[in-house]
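Okay, thanks for coming, everyone.

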Amino acid sequence: MITSFSNPTIKKIRKLTNHKERATSGLFLIEGLRIVAEAIQCDWKIDTLIYAPDLLVSEFGQSLIHLGKEKIIPTLEVSKEIFMTFSKKDGPQGIAAVVHQRWSNLNDIFMQSGEVWVALESVQNPGNLGSIMRTAEAIGSKGIILLDHSTDPYDPIAIKASMGAIFSLQLIKTDYKNFLYWKSQSKIPLIGTSDKAPMDYLNIDYPEAFILLMGSEREGLSEVYLDQCDQIVRIPMQGRSDSLNLAIATSIILYQIFNQKRLKNINR
């Protein structure tokens, strides 16, 4: 059991709350029974499974440690005091894991009929990104494309908001130039959003397979991306607010897409 606050491994674990360390190491930290279970069950590569016996009181949590050992995942036993130095939960459950990041690239996308991807231009808020991942996974989306200067999906806030959905999605990060070149080659339809669009999001027959493109929280979609969209839709509003939260706006459109496809399947 590690009890030293100056232990080199513990120091590295603590540093994973920093974006630069995550980017350099290709690792990220997760904490809690549900999300650790998701990572194991989805067969993500786990660098280290960490537990504090004094905090890990649930039978399910203890079964995860046994499962990790069966899968030959390196385990690290730490004292309660050490665990608390990197825990972000109000009521720590005594289990965490250091996990290898998993990135795909645009050429990994082979869209089948009925598939939807979400592309986000310069999303800044990790909580918004996590919520979008959660909704995207819930409606069966295959993945998220992070464009330009988007926030880190492996940020602890994004991971928490995703509620484990991050382990069921493909993640791609790219820029405008590469994304538009790929689109021109793949011929996959791109549907964007704008409050100035003439088309209501309810009045469009969504393609069988396409990418939904959403803009940043403050600026929305930039003109260079709007110019590349095959169709542009808007969410109507009548109150004093001039915009919706990005995660909410994305969820509204994704569920319209989901319901439209669901009704088509029912009526076949």
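Let's begin with lysine 183: at 14% relative accessibility it counts as buried, where buried means under 20% relative accessible area, exposed means over 50%, and partly exposed is in between, using a 1.4 Å probe and protein chains only. Before I go on, this is a predicted model, so to speak of local features we need pLDDT of at least 70, and side-chain atom pairs count only at pLDDT 80 or more, while totals for chains, interfaces and linings use all residues. Residues are numbered from 1 along each chain as its sequence is written, and side-chain values use heavy atoms, with hydrogens and water left out.

Back to lysine 183, which sits in helix H8, residues 176-186; helices (H or I, at least four residues) and strands (E, at least two) are DSSP runs numbered from the N terminus. What does lysine 183 contact, leaving aside its neighbours within four places in sequence? Ile188, Leu190, Gln228 and Asp230, with contact meaning heavy atoms within 4.5 Å.

Next, strand S10, residues 210-214. Here 5 of the 5 residues are buried. In a regular strand the side chains alternate between the two faces of the sheet. In S10 both faces are covered, with Phe210, Leu212 and Met214 on one side and Ile211 and Leu213 on the other. S10 pairs in the parallel sense with strand S5 (116-121) over 5 bridges; pairing needs at least two DSSP bridges between the strands. Valine 116 is opposite phenylalanine 210 there. Strand S8 (190-193) also runs parallel to S10, joined by 3 bridges, and glycine 192 has leucine 213 as its bridge partner.

Beyond four places in sequence, its contacts include Met111, Trp117, Ile191 and Ile257. Glutamate 115 is 95 residues away along the chain, yet the two C-alpha atoms are 6.9 Å apart.

Now the cores. The largest nonpolar core has 52 residues, and Ile30, Val36 and Tyr206 are among those with the most contacts inside it. By core I mean buried Ala, Val, Leu, Ile, Met, Phe, Trp, Tyr and Cys residues joined through side-chain atoms within 4.5 Å. Apart from that one lies another core of 20 residues, among them Trp117 and Cys229. Val36 is one of the buried residues of helix H3, residues 33-41, and the cover over those buried residues includes strand S1, strand S2 and helix H4.

Just after H3, aspartate 43 has a positive phi of about 60 degrees. Aspartate 43 also forms a salt bridge with lysine 71, at 3.6 Å between the closest N and O atoms. A salt bridge here is a side-chain nitrogen of Lys or Arg within 4 Å of a carboxyl oxygen of Asp or Glu. Aspartate 43 is exposed at 55%, and lysine 71 is partly exposed at 40%.

How many salt bridges does a search of the whole structure find? It finds 6. One of them joins aspartate 152 and arginine 22, at 2.8 Å, N to O. Aspartate 152 lies in the loop between S6 and H7 and arginine 22 in helix H2, so the pair ties together parts 130 residues apart in sequence. Both of these residues are buried, and Arg22, Asp152 and Asp155 are linked in a network of salt bridges.
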